[in-house]
Amino acid sequence: MASLQLSSSLYGEPLSKSTMFMGMRAPLTFSPHTLSGKHLHSRNQFVVFSKKLWGLEEAMRIRRERELTSVTKVKRRPPLRRGKVSPRLPMPDHIPKPPYVGSNLLPEISSEYQIHDSEGIARMRAACELAARVLDNAGKLVRPSVTTDEIDKAVHQMIIDAGAYPSPLGYGRFPKSVCTSVNECMCHGIPDSRQLQDGDIINIDVTVYLNGYHGDTSKTFFCGDVSDEMKRLVKVTEECLERGIAICKDGAQFKKIGKRIRACEEKNYPPKRSTGLDTWQAMLSLF
């Protein structure tokens, strides 16, 4: 550290070169001149001033260390960029298709209650079990350098091999057979050429159409070494899901499901303002 040369105006007379403040821990030495009166008073002022300098520099050093530590902990990821979307995959003619395929119009919501008999419930269960198996196998493909387009092709093939139709394909104008939502993409992401990166999280949403029923399921997977903040977000989200499922029963109101989920969310991520989007805000702050 460079030395600090004292001004001769401090005592009103020249000081020797040995009269310096050498860094934070170096001793203070004065010229051999005898100090008395106002000179002694000035010396006391200088000692107090040097102590203040030492304390200020120490505080700045501690602050710099904290700033460096905080920068190391908070590693912001680059924003998600859209890749190239490949052409729509073909479907075999023998596989039954849902009624909306071939139209850009979305199906209308039924105005009547749907009551399913035992056969309908069995078909519904079969469709959901197939969707769960496909989702589990799709999750095994998640690793750095794999593209979401590759996951889409694998899911597409698994579904048609089971004699089912990938429900997202052709729903409205959706061009793919599965939804892949990476990082800050909330839902219904379109698979493309982007490679998964170490530390990504990806939600894979699989829906199949089998024997007249749709089976729909999704799960968020970790890609490589994921941060603790991201792991906590996924854990809390899964807990919210389980709380919502637990309230489902005959006669349960939909609003009670949402209320239970909201309570779980706010317990883990206390809202700073009442927006209803606190979980998503917490997620976006991780990137």
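How are helix 2 and helix 3 oriented to each other, roughly parallel or roughly antiparallel?

**View 1. Packing of helix 2 against helix 3 in the predicted model.** Helix 2 spans residues 118-139 and helix 3 spans residues 148-161; the two pack at an angle of about 150°, and their axes are 10 Å apart. Since angles over 145 degrees count as roughly antiparallel, helix 2 and helix 3 are therefore roughly antiparallel to each other. Their crossing is right-handed. On the side of helix 2, the contact involves Val134, Asn137 and Ala138, which meet Ile151, Val155, Met158 and Ile159 of helix 3. By residue class, this contact comprises 6 nonpolar residues, 1 polar residue and no charged residue.

**View 2. Packing of helix 4 against helix 5.** An angle of about 150° relates helix 4 (residues 228-246) to helix 5 (residues 254-268), and the axes of these helices lie 8 Å apart. Helix 4 is therefore roughly antiparallel to helix 5. The crossing of helix 4 with helix 5 is right-handed. Helix 4 contributes Arg232, Val236, Glu239, Cys240, Arg243 and Gly244 to the contact, while helix 5 contributes Ile257, Arg260, Ile261, Cys264, Glu265, Lys267 and Asn268. The contact residues of helix 4 and helix 5 divide into 5 nonpolar, 2 polar and 6 charged.

**View 3. The second largest pocket and its lining.** The space in this pocket amounts to about 830 Å³. A total of 21 residues line the second largest pocket, and those nearest its centre are Tyr100, Pro107, Tyr171, His214 and Asp216. At least two lining residues come from each of helix 2, strand 5 (201-210) and strand 6 (213-222). Strand 6 gives the most to this lining, namely 4 residues. In composition, the lining of the second largest pocket holds 10 nonpolar, 8 polar and 3 charged residues.

View 4. Leaving aside residues up to four places away in sequence, Tyr213 touches His116, Gly120, Arg123, Met124, Ala127 and Val208. Tyr213 and Ile121 are separated by 92 residues in sequence, and their C-alpha atoms are 9.3 Å apart in space.

Terms used
Residues numbered from 1 in each chain as written. Predicted model: local features only at pLDDT ≥ 70, side-chain atom pairs only at ≥ 80, totals over all residues. Heavy atoms only, no water. Axes fitted to C-alpha atoms, helices over the stretch in contact; angles between N-to-C directions. Parallel < 35°, antiparallel > 145°, perpendicular 65-115°, else oblique. Left-handed = near helix turned anticlockwise from the far one by under 90°. Contact = heavy atoms within 4.5 Å. Nonpolar A, V, L, I, M, F, W, Y, C, P; charged D, E, K, R; others polar. 1 Å grid on protein atoms, 1.4 Å probe; cavity = no way out; pocket = protein on both sides within 12 Å on 5 of 7 lines; lining within 4 Å. Points joined across faces, edges and corners; volume = space filled by probe spheres on them.
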